[in-house]
Amino acid sequence: MHVTVFGANGQTGHEIVKQLLQRGHTMTAAVRRPSTVQPLDGVTVCKIDLSDQPSVLATVQGSDAVISALGSGALRSARKKTSLYSDSARAIRAAMRQLDVKKLIVLSSSGVDEEENAPFFYNCIIRRFLMNTYIDMARMETILSESDDLEWTSVRLSYLVECGSKPYKVYDTSIDSSTFRIGFKDAANFVANEVKERKCMRKMATIAYP
Ligand SMILES: NC(=O)c1ccc[n+]([C@@H]2O[C@H](COP(=O)([O-])OP(=O)(O)OC[C@H]3O[C@@H](n4cnc5c(N)ncnc54)[C@H](OP(=O)(O)O)[C@@H]3O)[C@@H](O)[C@H]2O)c1
């Protein structure tokens, strides 16, 4: 398959690209700074401007699936309002509809829904700090839930950590005290598998270590 990965130079995006290549897919790495993408066989780098619909359309052209690993750099600009997630979801959806591309996977967060069982420090500190990001991720997920013509999945990541691969679980609910972390490699593993397997089609799937 040919997959377009938006945010391919981000921490998770880069890992997703590597794992898709290992599975034999080819890719378009859609980034705003092409010089930040390591040249790899099977990966075409495409400079994008998300506010310019023709540039999004040209990037998605020829794809069998699209992944958005875009992020607002939450900790750097957590308190600022963002519309990155919802604006990019609209722009990507419009391009996919025009080109009749069906499969879309986006990265979201397990913090989008408030969970009573989440750890105290998470609910009282981290969640409040990241509220503007979660608000726009929720808008993005609403856009997806209203897109019955697309085979979408929203991958709700828990706190991303550097670690080796280990068994993880997919949860229907959001975060609670036992589900708080996921490694970059395992997050990318789930996304790369989901491109073909579609086990979580039209779902919000939280992934975390049990
Ligand atoms: N880190 C965590 O613990 C955590 C937990 C749960 C969920 N998440 C979510 O998981 C996703 C991936 O996280 P990450 O840590 O891998 O993100 P990251 O390293 O910050 O990467 C974000 C990517 O988005 C791109 N981007 C941002 N604004 C853009 C714009 N206007 N146009 C084009 N590209 C743009 C960045 O490109 P540039 O390099 O050009 O800025 C970068 O490639 C994010 O949505 C994040 O909110 C993260």
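Asp100 counts as exposed, at 54% relative accessibility. In this scale, buried means under 20% relative accessible area, exposed means over 50%, and partly exposed is what falls in between, using a 1.4 Å probe and the protein chains only. Asp100 sits in the loop between α4 and β5. Helices here are DSSP runs of H or I with at least four residues, strands are runs of E with at least two, and both are numbered from the N terminus. Asp100 also has a positive phi of about 55 degrees, although it is not a glycine. For background, most residues other than glycine have a negative phi.

Before going further, keep in mind that this is a predicted model, in which local features need pLDDT of at least 70, side-chain atom pairs count only at pLDDT 80 or more, and totals for chains, interfaces and linings use all residues. Residues are numbered from 1 along each chain as its sequence is written, and side-chain values use heavy atoms, with hydrogens and water left out.

Arg202 is not a glycine, yet has a positive phi of about 55 degrees. You will find Arg202 in the loop between α7 and β10 (203-208), where Arg202 is partly exposed with a relative accessible area of 38%.

Now let us turn to the ligand. Which residues come nearest to the ligand? Of the 22 residues around the ligand, these are Asn9, Gln11, Thr12, Arg33 and Leu70. A residue is near a molecule if one of its heavy atoms lies within 4 Å of it. By class, this shell has 11 nonpolar, 9 polar and 2 charged residues. Here Ala, Val, Leu, Ile, Met, Phe, Trp, Tyr, Cys and Pro count as nonpolar, Asp, Glu, Lys and Arg as charged, and the others, Gly among them, as polar. Four elements each supply at least two residues of the shell: α1 (11-22), α4 (84-99), β5 (103-109) and β7 (159-161). The largest share, 3 residues, comes from β5.

A polar side-chain atom of Thr12 lies 2.6 Å from an oxygen atom of the ligand. From Leu70, a backbone N or O atom lies 2.7 Å from a ligand oxygen atom, and from Gly10 a backbone N or O atom lies 3.2 Å from an oxygen atom of the ligand. Taken alone, the ligand exposes 910 Å², and the protein buries 81% of that. Such accessible areas come from the Shrake-Rupley method with a 1.4 Å probe; for residues, only the protein chains shown count as cover.

Next, look at the rings. The structure holds 1 aromatic pair. That pair is Tyr168 with Phe190, edge-to-face, at 6.4 Å centre to centre and 85 degrees between the planes. Rings of Phe, Tyr and Trp (its six-membered ring) pair if their centres lie within 6.5 Å; planes under 30 degrees apart count as stacked, over 60 as edge-to-face and the rest as tilted. Tyr168 lies in the loop between β7 and β8 (169-171) and Phe190 in helix α7 (residues 184-197), so the pair ties together parts that are 22 residues apart in sequence. Tyr168 is partly exposed, with a relative accessible area of 21%, whereas Phe190 is buried at 6%.

Another ring, that of Tyr209, has the charged end of Lys166 over it, 4.6 Å from the ring centre. A charge sits over a ring if NZ of Lys or CZ of Arg is within 6 Å of the ring centre and within 35 degrees of the ring normal.

Ser158, in the loop between β6 (151-157) and β7, is buried at 5% relative accessibility, and the side chain of Ser158 reaches the backbone oxygen of Ile207 at 2.8 Å. Gly7 belongs to the loop between β1 (2-6) and α1 and is buried too, with a relative accessible area of 9%.

Key. Polar contact = N/O pair within 3.5 Å; in protein donor to acceptor, adjacent residues only side chain to side chain.
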